[in-house]
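Hi,

Here is the structure I promised to pass on. Have a look first, and then read my notes below.

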Amino acid sequence: MYRFAISRLLQAIPVLLMVITVTFFLVHSAPGGPFSADKAVPPEVIKALEEQYNLNQPVWQQYLSYLGDVIQGDFGPSFKYPGRTVNELITAGLPITAELAFYAMLVALGVGITAGVGASMRPNTMQDYLPMTGAMIGICMPSFLLGPLLVLIFGIHLDWLPVSGWGDIPGDKILPSITLGTGYAAYIARLSRGGMLEVLSQDYIRTARAKGLSERLIIVKHALRGGLIPVVAFLGPAFAGLLAGSFVVETIFQIPGLGRFYVQAAFNRDYTLILGMTIFLSTLIILFNLLSDMLAIWLNPKLRQEIRGTN
Amino acid sequence: MAILEVSGLKVYFHTRNGVIKAVDDVSFSVDSGETLAIVGESGSGKSVTCYSLLDLLPKPPAKIEGGTALFAGKDLLTCSSDEMRHHRCNDIAVIFQDPMTSLNPFLTIGEQLIEPLIYHPDKNQIQTRGEAKKKAVALLDEVGIIDSQARFDCYPHEFSGGMRQRVMIAMALITEPKLLICDEPTTALDVTIQAQILKLIKKLQETRNVAVIFISHDLGVVAGIADKVLVMCDGTIRETGGTDDIFYRTQNDYTRKLLAAIPEGPKTLPNRAKSDEPLIEVTHLKTYFRNQLNSNNSEENRFVKAVDNVSLEIARGEILGLVGESGSGKSTLGRSILQLAPTTGGSVKFSGQTLTGLNAKQLVPWRRKMQMIFQDPYASLNPRMTVFETLSEPLLYHGIATKKNIARHVRQLMDDVGLSQAQLRKYPHEFSGGQRQRIAIGRAIATKPELIIADEPVSALDVTIQAQILDLILELVERHNLTMMFISHDLSVVRYISDRVMIMNRGVIIEHGDTETLWASPKQRYTKELLAAIPLADPAAERKRIASI
């Protein structure tokens with residue numbers, strides 16, 4: 001398993017290098033610069049600023065010195081938040097976004113697996129159609145529609161839950177978590193239904209029935225492990241998607257997380273912040289994918305032994 | 001009184017295409033210590049009959065429309081699901097056909113063995129893990145699992161097919177059932193393993209005095225172990241009676257047809273090797289695969305030697321039978337000769353031209369001269385191509401026909417393989433297994449090849465269909481003057497069709513010779529074992545054979 005993890009991490013290096021390079025040149029080729037919007041600033045000030053941030057050098061030189069910094073773990077100073085480094089901004093936003101993503105994942109897994117497994121137990125009945133219709137709507141519903149809708153219903157009409165903020169008023173984490181988690185819950189519901197239906201049609205489920213096991217035991221012990229492998233494989237991309245995709249929800253609910261920095265950085269041409277966020281999120285995506293792959297392998301005894309065998 | 005008394009059982013499947021009467025008015029009974037064999041071809045309803053007793057059919061589409069199945073006086077068909085769990089745990093156990101898919105790959109075999117004991121629906125019959133394990137280990141010993149204590153914690157994939165079936169048998173016996181249903185328990189196994197498993201079932205039945213229902217398509221297997229036989233076809237009983245009556249005093253035409261279809265005895269056609277000129281010369285052929293599973297990568301273990309230093313010749317016009325059990329390397333040898341598997345060493349010559357070392361493009365003109373027929377006609381035909389497209393593709397690709405005259409060529413092929421021309425626009429799923437294999441054969445002979453390698457072409461087919469396809473192959477070989485390598489695990493089939501036979505084991509040809517000479521006096525021990533393991537469709541002879549193993 002170690003060797004598998006290490007070889008996957010080594011493969012990640014060229015991927016990250018590609019991400020850095022492509023993002024760097026894309027960002028720099030976009031029209032405008034970090035200081036071009038501020039019209040009132042005299043040219044000499046801009047020149048001084050550009051000098052301060054090394055923007056007067058040729059692009060490839062900027063690229064090389066940036067690369068050198070990144071290898072040492074330094075994403076540089078932010079252009080738009082004077083006096084703060086990108087590392088500081090990420091460290092400040094990450095706990096909030098990670099918490100939001102974590103709760104959203106709990107919602108997604110809890111609702112998704114329950115609905116999917118339930119549906120698979122009685123396919124083509126109401127117990128299947130209802131949650132699957134819900135899942136279809138959940139997939140189609142964008143979070144910028146769902147969020148305000150939930151706010152309208154639970155925040156304003158019913159007045160049950162706070163409509164914005166994060167950790168200020170009790171209960172203000174509920175609506176954002178649900179908003180962010182719903183799409184993933186819908187997807188997980190469909191994945192787990194499909195996986196479970198596949199497993200439930202296997203011969204070994206029939207064997208388990210013939211042995212006289214209860215239906216509950218058959219689902220929990222014999223079917224879930226195989227049936228949820230598609231969900232496990234989806235966990236990595238899902239977690240990464242939750243982190244990277246949280247900006248809509250963070251904007252709707254006024255949450256000071258990573259996502260808002262990301263969007264603002266793009267509007268502001270805050271080169272170092274865009275790059276830093278992109279590299280950071282790419283690394284997370286790679287790590288989470290690796291983790292979910294390892295989990296999927298660990299769940300399958302045959303794969304587990306094959307991997308062990310190659311060590 | 002019979003332990004199980006089934007009368008008037010009707011099971012219908014309600015599908016979109018109408019009602020299928022899978023089981024229609026079937027009655028039978030079994031006593032303790034007695035073996036009832038239910039024999040029939042695929043779709044005859046033999047498995048459905050037994051699954052309906054334990055409520056193992058998917059409902060819908062299945063529905064039990066009538067009848068009773070009294071087990072010790074209680075009707076299995078109308079009992080509640082709790083009562084059914086009791087029956088499954090205490091009274092009736094099943095051994096399923098395919099040990100590869102019938103065990104849960106995610107759980108150790110030990111866990112799967114003890115489940116019925118530790119999760120028993122009856123509270124005061126629940127055993128502790130320790131007790132259950134003791135019992136399971138003893139049972140694993142009894143069914144012939146060596147080092148059972150350590151093997152208890154292994155996963156199914158760490159066992160061979162035969163060993164898994166032994167585990168399945170132990171699993172069925174652990175609840176000490178009074179009735180054991182064996183659904184084609186040896187069909188997925190090699191012939192030598194089959195002999196061992198059959199003997200084991202027979203022995204266990206005698207020591208435990210259980211009633212056995214033995215489902216099989218193979219009359220040879222049934223002959224030796226059954227007391228009574230029930231012949232089914234299309235959901236109905238065709239004939240029922242004592243084993244000797246069924247075999248020696250057959251009443252029903254369908255039973256007669258089944259018996260007649262069993263390939264038996266030597267080939268009736270004359271030996272076809274008309275010339276001494278070899279069409280295929282294989283010298284020191286080696287095909288090795290990287291060993292994925294072995295942990296200690298010593299030089300010796302790094303490769304799986306699927307084909308290890310094989311040399312052979314096939315004369316023009318000859319039918320060479322290649323026999324081996326699963327994993328012997330026989331399919332890989334066939335593929336290596338056709339350059340469909342990457343060879344590691346040695347050479348293959350096709351009428352003087354060396355094929356090994358040619359690249360894909362250089363091979364193209366040779367490809368049309370050598371074709372392959374595959375085992376599974378369900379998997380080897382492209383489901384999105386009509387028969388017409390399947391058959392015309394090789395003709396157009398090799399420039400044998402043009403767009404203008406293709407229809408005539410394809411119609412000719414359909415005639416050759418005995419299919420109606422009206423079916424040209426149909427897709428593979430609209431055909432039966434036998435018809436699909438005819439299409440596959442038509443595709444193989446389309447390019448007018450000189451050599452055909454047939455890899456288990458009849459193994460997936462019912463016995464009556466198998467007989468038809470074998471005769472078709474013989475007829476086509478004669479008419480088109482083909483040379484053939486016929487790969488099979490089934491010795492009777494090989495004897496029926498081949499002029500010369502090679503026995504392969506672990507990548508090596510261990511014995512070869514003219515078919516009848518080899519049958520009469522096999523030299524190697526392995527060959528003798530193989531020949532001794534063939535079940536005979538003759539109850540007296542088969543009982544004697546089993547007793548002698």
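Let's start with a term: a residue is buried if 20 or more other C-beta atoms lie within 10 Å of its own, exposed if 12 or fewer, and partly exposed in between, with C-beta atoms placed from the backbone. Keep in mind that this is a predicted model, where local features need pLDDT of at least 70, side-chain atom pairs count only at pLDDT 80 or more, and totals for chains, interfaces and linings use all residues. Residues are numbered from 1 along each chain as its sequence is written, while chains are lettered from A and ligands numbered from 1 in the order in which they are written.

Now to chain B. Glu456(B) counts as buried because it has 20 C-beta neighbours inside 10 Å. You'll find Glu456(B) in the loop between β17 (451–455) and α16 (463–480); helices (H or I, at least four residues) and strands (E, at least two) are DSSP runs, numbered from the N terminus. Glu456(B) isn't a glycine, yet its phi is positive, about 50°.

Asn481(B) sits in the loop between α16 and β18 (483–488). Its phi is also a positive value, near 50°, in a residue other than glycine. Asn481(B) is exposed, because 12 other C-beta atoms lie within 10 Å.

Over in chain A, Ile113(A) is part of helix α4 (residues 86–121). Ile113(A) is buried, since it has 21 C-beta neighbours inside 10 Å. Its C-alpha atom is 9.3 Å from that of Ala186(A), 73 residues apart along the chain.

Enjoy!
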